[in-house]
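Here are my notes on the model you sent.

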Amino acid sequence: MMNYGIDIWGANNFFIENGKLKINYGNQPALIDIVKEIEERGFQGPILIRFPHLIRKQINSLYNSFKKAIKEFNYKGKFKAVFPLKVNQFPTFVKPLIKIAEKYNYGLEAGSKAELILAMTYNNKNAPITINGFKDKDMIRLAFIAGFMGFDVTITIEGLNELKSIIEVSKEYHKMPVNIGIRIRLHTSGVGIWAKSGGIESKFGLSSTEIIEAVDILKKEKMLDKLKMIHFHIGSQINDISPLKKAIRESGNIYADLRKMGAKNLSAINIGGGLAIEYSQWEEFRDKNYSIEEFSNDVVYLLKEISNKKHVPMPDIFTESGRFIASPSTVLVAPVIELFSQEYTEKALKLKEKNPDLVEELYDLYKSINENNYIEYFHDALDHFESLLTLFDLGYIDLIDRSNSEILVNLIIKKAITYATLKGFKNKDLKSINEKFQEKYLANFSIFQSLPDFWGLGQRFPIMPLTKLNVTPNRSATIWDITCDSDGEIPFSKQFPLYLHDVDLEKEDYYLGFFLVGAYQEILGMKHNLFSYTNEAIVTFDSEGNYEIEFLEPTQKIREILIDLDYDIDEIERELKNNIESAIDDEEERKEILGELFLLLNDMVYLKND
C-alpha cells in the first residue's frame with residue numbers, strides 16, 4: 001500500500017479510505033464518485049475539478065497567520081492582501097474567489113489592461129487594487145477611472161517614465177484619484193526556477209538612484225503625499241526563507257529612509273508573492289523549508305524591529321501570494337486508456353509446432369516460474385532474450401520468433417515483479433529491471449495544455465490514482481499523453497519514482513489525479529495538436545456537507561477550436577463537402593459519409609473513453 005506522499009503535499013485536504021481517495025471536507029466523498037457522476041452527465045475525457053472550499057481555506061490560513069503574528073508581536077501596522085490575476089484569470093476560479101474574498105477585503109492585482117478591466121468589474125469595493133507591470137498612458141487612464149469608481153487603487157511604477165506618465169495623466173483629469181507605489185530593485189533575489197523577478201539584474205524595479213530621483217520628481221510636482229507603498233518581488237515559489245528575510249531587511253530600511261526624506265504618507269510595504277506550495281511527494285526532496293506561520297512571523301518581526309530601530313511607524317504589510325491561494329483548489333483527472341504492456345499476453349503468442357530452442361526454453365521458464373525461483377528465472381530470461389535478438393539480427397530466427405520472445409520475456413518479468421513485490425523488492429537487479437521496463441500508461445490528456453510547467457520548467461506535480469489505494473502498486477510508471485510529441489510524457493525517474501498498478505482496462509477503469517494545478521497551468525496551456533482546455537467542473541458543498549456539482553463546462557469541439565484559430569469554418573465545411581462530392585459517385589454513400597463527417601466536426605477534441 002502506498003499513500004503517494006499525501007501526508008507531505010496534501011495539507012490534510014485528502015485522505016485514503018477503503019482504497020479510494022476521499023475529500024476531507026463535508027461528508028467526505030470519494031473523488032472517483034464525483035468523476036463518475038460527471039461522466040454520467042455526458043462529460044468524457046479529462047476533467048478539471050475546482051474546489052472553492054480550498055480557496056477559502058488558503059485565504060483563511062494567510063489572513064489568520066498574519067493576524068496571529070501581528071497580535072503576538074504587538075505590531076501596529078495592518079495586514080492586507082491582493083490576488084495576482086496572472087495566476088489564474090478564468091471566471092470559474094475568479095468568481096468564487098471574489099465571493100470568498102469579500103469577508104477579508106481581499107483584493108486583486110492586475111498586470112495588464114485586460115486584467116485591470118477584470119479587477120474594475122469584479123473586485124469588492126472595500127478591497128484594494130494594485131497595478132503592476134509595464135504601463136502605457138491608456139493603462140494609467142484605466143487606473144484613474146478605477147479610482148473614480150471608488151476603488152482603493154495603487155499604481156506601482158516600474159520606471160521613471162511611468163511616473164512621468166502618471167503625472168501627465170493627472171493633469172488631463174485635474175485630479176489624482178490613485179495612490180503611487182514604487183517597485184524597488186533589491187539586491188536580494190530568490191532561489192529556484194522562478195527567482196528571476198528579484199536581484200540587481202531584475203527586469204523590474206527602480207535602483208536606489210532612480211528611487212531618489214522619483215522622490216525629487218514627486219516633491220517638485222507637489223505629489224509626494226501620493227506615495228503610499230513600496231513594492232518588491234524576489235520570485236515565485238520561494239523555497240528557502242533566508243532570501244525573504246534579507247529582502248525584508250533591505251526593503252524595511254528603504255522604507256524608513258524614504259519616510260525620513262519626506263514621504264510622510266508612505267505607509268505600506270508590499271512584499272509581493274512567492275509564498276511556496278509543497279509540491280513534493282518525496283520526503284527527501286521537499287519544496288520549501290518553512291511554514292506559513294514562520295513566513296508571517298518573520299515578516300512581522302523584522303519589519304517591527306527595523307521600524308523601531310529607525311523610529312518610523314510600522315508599515316501596513318501587503319502580500320500578492322497567488323500560487324499559495326490558487327494551487328490546491330484544482331485537480332486534473334485523466335482516465336488511463338491504454339497500458340502498453342497489455343499487448344504482451346499469453347493469447348498473443350503465436351508458437352509454432354517447432355520453435356527455436358531458446359524460445360522453447362523461455363516458454364518453460366514462463367510456465368515454471370514461482371516464488372522460490374523467480375530471481376534465477378528472471379536472469380535466465382534476460383540472457384535468452386539478448387541471445388534471441390542477436391539471432392534475429394543475424395537472420396537465424398524470424399519476426400514471429402522475435403515477437404514470441406518479447407511476449408514471453410515480458411510475461412516472465414511481470415510474474416517476477418509480482419513475486420518481488422510480495423517480498424519487498426529485496427533483489428537489486430530485479431528492482432533495477434522494473435525501473436528499466438516501465439509500464440507505459442496512456443492517459444487521455446495533453447501535458448502541453450494541462451501541465452505546461454512540467455514540460456517547460458520540469459516542475460513536478462503530485463500524481464496518484466484515485467482507486468486501488470489499498471493495493472501495493474508494482475509497476476514503475478511512465479505516463480504518456482495523447483499528443484504526437486515525444487515530450488508529451490512524464491518519464492519514470494529513479495530520483496522521483498512513481499509506481500502505479502497493473503490493471504486490466506477491459507475489466508476496470510483507472511484514473512490518475514494531478515494535484516496542485518490551480519496556478520498558471522490553464523492560462524499557460526497551449527493548444528499543441530489542437531487539444532484545447534479540458535472539461536471543467538466546480539464542486540461545492542451544501543450546509544449538510546453533501547457535495548454539489550455546481551457548474552460543468554465541456555471541452556471544445558473540433559469546429560470550435562478551429563474557429564478560435566481564425567479559420568473560416570464555413571470555408572472548411574464547404575471544401576470538405578466538395579472533396580467528398582468529387583470523390584464519391586454514389587449519392588446515398590455520399591450523403592452518409594457527409595453526415596458522419598459533420599457529426600465528427602462537432603466531436604470533442606479529446607479521445608472518448610470507449
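1. Buried means under 20% relative accessible area. The model is predicted, and the points below should be read with that in mind.

2. Start with strand β6, residues 128-131. Both of its faces are covered. P128 and T130 lie on one side, I129 and I131 on the other, and all four are buried.

3. What does β6 pair with? Strand β5 (residues 107-110) runs parallel to β6, and three bridges join the two. Within this pairing, E109 stands opposite T130 of β6. Strand β7 (residues 152-157) is also parallel to β6, with four bridges between them. Here P128 stands opposite D152 of β7.

4. On to the rings. A search of the whole structure gives 24 aromatic pairs. One of them is F66 with F79, a stacked pair with centres 4.2 Å apart and 5° between the planes. Why does this pair tie together separate parts of the chain? F66 belongs to helix α3 (residues 52-72) and F79 to strand β4 (residues 79-84), so the contact joins parts 13 residues apart in sequence.

5. A second pair is Y374 with Y419. The ring centres are 5.8 Å apart and the planes meet at 35°, so this pair is tilted. Y374 sits in helix α13 (residues 374-393) and Y419 in helix α14 (residues 399-422). The pair links distant parts of the chain, 45 residues apart. Y374 is buried at 6% relative accessibility, whereas Y419 is partly exposed at 21%.

6. Last, charges over rings. The charged end of K125 sits over the ring of F151, 5.3 Å from the ring centre. R402 lies over the face of F392, at 5.0 Å from the centre of that ring.

Key: Residues numbered from 1 in each chain as written. Predicted model: local features only at pLDDT ≥ 70, side-chain atom pairs only at ≥ 80, totals over all residues. Heavy atoms only, no water. Phe/Tyr/Trp six-rings, centres within 6.5 Å; stacked < 30°, edge-to-face > 60°. Buried < 20%, exposed > 50% of the residue type's maximum accessible area, 1.4 Å probe, protein only. Lys NZ or Arg CZ within 6 Å of the ring centre and 35° of its normal. Pairing = 2+ DSSP bridges.
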